[in-house]
Amino acid sequence: MSTVAVPVAEATAPARGAGRPTPWWGMACLIMTQATTFAGLIGSYFFLRAASKQWPPPGVELPKVTLSLVFSLVLWGSSIPKIVAERSIKRGRQRALRTGLILAWLMGAAFLLYTLYDFRELHFGWRDHAYGSIYYTTVGLHAFHVFVGLVMSIVVQIKAWLGKFSEERHVTVQVYAMYWHFVDAVWVFVFPAFILSPHIR
């Protein structure tokens, strides 16, 4: 008696494409946790503001909008050469990759230097009052993320100059670009909350 083989559904299902690489998921998890941290800090800022009779406290100067806006645009603009670099390596364009990386690094470094200058010019400390604590913590944490991104960029740039990336092998560039775009995106929320909103009465 002959038997008829019945195909199993899983065996006849079309093969799925390759999923995201492990470093991509690792960076995605890091971004989600850090985004939650910043969301909590921004929420705390507005809670403290709502509970205060005067915000910022008496005697505290308002944040400088003009210079902050200029260097904010520099930071946000740094994502453009980063995008160009990422797309270039997918086409095997090594020179465009290196150029985009160094240009984005210089723009990020300019923003970080301004942030340090802004801290130096402040006439209050992080222990003086709630405003000082939340300001230094949130803006300082973002500055730290920018610093980490610049260090990561140096590593990526060294690998780029050594020819470690190609059209097929560029996960490091992709993952690093994710981190940098996240840093830029966070400032989209921190800037209006901490720099612009104190000027709105």
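**Leu-106 and the fold around it**

Colleague: Which helix holds the place of Leu-106?

Modeller: This is a predicted model, where local features need pLDDT of at least 70 and side-chain atom pairs count only at pLDDT 80 or more, while totals for chains, interfaces and linings use all residues. Residues are numbered from 1 along each chain as its sequence is written, and side-chain values use heavy atoms, with hydrogens and water left out. Helices are DSSP runs of H or I with at least four residues, strands are runs of E with at least two, and both are numbered from the N terminus. The run that covers residues 94-121, and with them Leu-106, is helix α5.

Colleague: How many helices are there in the protein?

Modeller: From the N terminus on, the elements read α-α-α-α-α-α-α. Zero strands are found in the protein, and the number of helices is seven.

Colleague: Is Leu-106 buried, partly exposed or exposed?

Modeller: Buried means under 20% relative accessible area and exposed means over 50%, with partly exposed in between (1.4 Å probe, protein chains only). Because its relative accessible area is 48%, Leu-106 is partly exposed.

Colleague: What radius of gyration does the protein have?

Modeller: The radius of gyration is taken over C-alpha atoms, and the globule rule is 2.2 Å times the number of residues to the power 0.38. Along its principal axes, the C-alpha trace of the protein spans about 95 × 45 × 25 Å. A compact globule of 201 residues would have a radius of gyration near 17 Å, whereas the protein has 23 Å.

Colleague: What percentage of the residues of the protein count as buried?

Modeller: The count is made over the 201 residues of the protein. The share that counts as buried is 40%.
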